[in-house]
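Trainee: I would like to learn how to read pockets, salt bridges and cores in a model.
Mentor: Let us take them in that order.

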Amino acid sequence: MTKTAPHSASVRPPGHPAGYQDLTRLLGLMTGDEKHGPAATSTLDALWVLYDRVLRVSPETAGAPERDRLLLSKGHGPMAYYAVLCAKGFLAEDLLPGFGSYDSPLGHHPDRTLLPGVEIGSGSLGHGLPLAVGSALGLRAQGLTESRVWVLIGDAELDEGSNHEAIAYAGPAGLEQLHTLVIDNASASLGWPGGIASRFEAAGWSAETVDGRDHEAMYAAFTAPHPGRPRAVVARVEPKS
């Protein structure tokens, strides 16, 4: 029987940091009826680079208006997300064994009302990018122009029309604060001549394709300047078994 974790979102005890080398162990603590293992592990390296070197957010600033935001649209298979949040102190390690159990805050899709640092509740795919566009517009309206919005989507989400409406809007709107990370594990039904990045470029985005396991390549792509334009990074991966 799956162990039930206490219904809380306490943070990692001070003085016990975790690094990239700990992620495999943290993933191994999450057991139960997880049906999307490859979906989780395909995002692991990209999420680590974002939280370790790019995003300006911490457990202490998770509610600050000026924080950077990461919206996990690819919410199925969230084990990698939980492992990285745990490693960075957003949630306690003793919550991980209860993953997916009845009264655990670690559901099969993240819930923003249960965990600090989670920005959206996911479910039906294809909604994260439109939500990110709205977040960037809201920050702009409030004058919070230094806060960056990131959204992580799967390549198959681009089969959904809502994403293409968001792409078509964000480019001409000049949403420089908006960043989209596409995890390309060849699961999309549709495609475009020139690849996924070309779809964003056609709408006025700055876009680049990188190896989704190469940390330095991803860091360079994540931090490349793109004045006046939203940014898209396509991370190609072969899911780990």
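The dialogue below goes through these topics.

Mentor: This is a predicted model, in which local features need pLDDT of at least 70, side-chain atom pairs count only at pLDDT 80 or more, and totals for chains, interfaces and linings use all residues. Residues are numbered from 1 along each chain as its sequence is written, and side-chain values use heavy atoms, with hydrogens and water left out.

Trainee: What lines the largest pocket?
Mentor: Rolling a probe the size of a water molecule over the atoms shows where empty space is left. A pocket is an open set of points on a 1 Å grid where a 1.4 Å probe fits, with protein on both sides within 12 Å along at least five of seven lines; lining residues have an atom within 4 Å of a point. Here the lining includes Arg56, Glu146, Arg148, His179 and Phe222. It divides into three nonpolar, five polar and four charged residues, with Asp, Glu, Lys and Arg counted as charged. The space in this pocket is about 220 Å³.

Trainee: How many salt bridges does the structure hold?
Mentor: Side chains of opposite charge can pair when their charged atoms come close. The criterion is a side-chain nitrogen of Lys or Arg within 4 Å of a carboxyl oxygen of Asp or Glu. The structure holds nine.

Trainee: Which parts of the chain does the pair Arg53 and Glu216 tie together?
Mentor: In this salt bridge the closest N and O atoms are 3.0 Å apart. Arg53 lies in helix H3 (residues 44–54) and Glu216 in helix H8 (residues 215–223), so the pair ties together parts that are 163 residues apart in sequence; helices are DSSP runs of H or I, at least four residues, and strands are runs of E, at least two.

Trainee: Which residues touch the most other members of the largest nonpolar core?
Mentor: A nonpolar core is a set of buried Ala, Val, Leu, Ile, Met, Phe, Trp, Tyr and Cys residues joined through side-chain atoms within 4.5 Å. Of the 47 residues here, they are Tyr51, Leu70, Tyr81, Leu181 and Phe222. H4 gives the most to this core, with nine residues. A second, separate core of 25 residues includes Ala136 and Val182.

Methods
Points joined across faces, edges and corners; volume = space filled by probe spheres on them. Buried < 20%, exposed > 50% of the residue type's maximum accessible area, 1.4 Å probe, protein only.
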